[in-house]
Amino acid sequence: MASRQELSDFLSSVERRAFKQAVFAVRDDDTALDLVQDAMMRLAERYGDKPAEELPMLFQRILQNRIHDHFRRGKVRNFWVTLWSALRGPPGEADDDFDPLESFEAEEGSQAAESTEDRVASEQSVRIIEEEIERLPTRQREAFLLRYWEDLDVAETAAAMGCSQGSVKTHCSRATHSLAAALRSRGFKS
Amino acid sequence: MTNHSFRPTRSSRTTDAFTRSVVSALDAGAERLPYRITHRLQLASQAALAAQTAVLETVGANVLATVHAGSRARGGHDQPSLPWRLLVTLLPVAAIIAGFVAIADIGDALEADETAEIDEAVLTDEVPISAYADHGFGVFLKNNRP
């Protein structure tokens, strides 16, 4: 059974990556924070008595389910919003001003040792990579992030995604190729 | 555009190098989250830990209650152990037997004392003369003569 300290360590280690994963999927900071918080609460309430080594897979599965639920609810919501907008007239611009770069604000002074030029280049690289991760198809992005960023093995990734191990390998392979091609097209050297 | 070098496809080794580069860029992005986000994540973690503590306390209380209920149902800790129950059962029986024995002993002793008093009275000639005139007493003396 995971102790309080083990759960605390796990949540501390995973919270930022979980947030980024959610942002890649839903493209909204506040929604992503809500999803991560929901996933953390559910993990603690339902699986807080599980061994510490099972926490990563369980948490990722919960988080992915939360993200999918968000999109399912969104479909229903969008149906009524679209209907209402059609009755009221042309759509506004409330949803068109999303800027994915907003979520990548760097803290001032955190890169003091780097030269300004290097820092800007580095931040720009990170931003471009994150943009291309966001553009990946959902399942490919999930597989890539779980397998390589969360460092789950193929079986754990399959369990977290609720699919076969073969599908995980296929999604990872396609994601890697798509990402590499996209980054090459944006000026990264191959 | 940048200094990053990505080398996709063909061999697993180069794919690993590529994914490592992407992962390190993702790590860098995660490290640069604004305070507003990291603070809320921290609060979410604390809330989750509090929830775990509450759940574990509830589970612990339920387990204790179940154990107590089970032991009561099985005659466990709330009932005396087997030696105590044997002792409590056998003690009254032993007391009754001891009482019977004591009553029998006391009866025998009283009867012996009574006989001894008569013998003593005869031997010390404290028997009245009229007693010898009693036919039954004469028969008694005749039968008990050594």
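Predicted model: local features only at pLDDT ≥ 70, side-chain atom pairs only at ≥ 80, totals over all residues.
Most residues other than glycine have a negative phi. Arg27(A), although not a glycine, has a positive phi of about 60 degrees. Is this residue buried, partly exposed or exposed? Arg27(A) counts as partly exposed because 14 C-beta neighbours fall inside 10 Å, which places it between the limits of 12 or fewer for exposed and 20 or more for buried.

Two packed helices are described by the angle between their axes and the distance between the axes. For helix 1 (residues 4–26) and helix 2 (residues 29–47) of chain A, the axes come within 8 Å and cross at roughly 140 degrees, and helix 1 of chain A passes helix 2 of chain A in a right-handed crossing. To display the contact, pick from helix 1 of chain A the residues Leu7(A), Leu11(A), Glu15(A), Ala18(A), Phe19(A), Ala22(A), Val23(A) and Val26(A), and from helix 2 of chain A the residues Asp29(A), Thr31(A), Ala32(A), Leu33(A), Leu35(A), Val36(A), Ala39(A), Met40(A) and Ala44(A). Coloured by class, the contact between these two helices shows 14 nonpolar, 1 polar and 2 charged residues.

Stay on helix 1 of chain A and select Val14(A), which lies in that helix. Val14(A) is classed as buried because 23 other C-beta atoms lie within 10 Å, and the threshold for that class is 20 or more. A distance drawn from the C-alpha of Val14(A) to the C-alpha of Phe59(A) spans 9.2 Å in space, although the two are 45 residues apart in sequence.

Beyond its neighbours within four places in sequence, Phe144(A) is in contact with Leu136(A), Cys172(A), Ala175(A) and Thr176(A). The C-alpha atom of Phe144(A) is separated by 9.0 Å from that of Ile133(A), 11 residues away along the chain.

Follow the chain into the loop between helix 5 and helix 6 of chain A and select Asp151(A). Its phi is near 60 degrees, a positive value in a residue other than glycine, and Asp151(A) counts as exposed because 11 C-beta neighbours lie inside 10 Å. In helix 6 (residues 154–161) of chain A, by contrast, the buried residues are Glu156(A), Thr157(A), Ala158(A), Ala160(A) and Met161(A). Just after helix 6 of chain A, Gly162(A) takes a positive phi of about 70 degrees.

Zoom out to see chain A whole. Its secondary structure comes to 7 helices and 0 strands, and buried residues make up 35% of its 190 residues. Among contacts in chain A with a separation of 6 or more, 63% join residues 24 or more positions apart.

Finally, bring chain B into view, with its 5 helices and 0 strands and 10% of its 146 residues counted as buried. Select the contact between the chains, which takes 35 residues from chain B and 46 residues from chain A. On the chain B side, helix 1 (12–31) and helix 2 (35–73) each supply at least two residues, and helix 2 of chain B gives the most, with 13 residues. Coloured by class, the side of chain B that touches chain A divides into 21 nonpolar, 11 polar and 3 charged residues.

Note on methods
Residues numbered from 1 in each chain as written. Chains lettered and ligands numbered in written order. Contact = placed C-beta atoms within 7 Å. Helix = DSSP H or I, 4+ residues; strand = E, 2+ residues; numbered from the N terminus. Nonpolar A, V, L, I, M, F, W, Y, C, P; charged D, E, K, R; others polar. Axes fitted to C-alpha atoms, helices over the stretch in contact; angles between N-to-C directions. Left-handed = near helix turned anticlockwise from the far one by under 90°.
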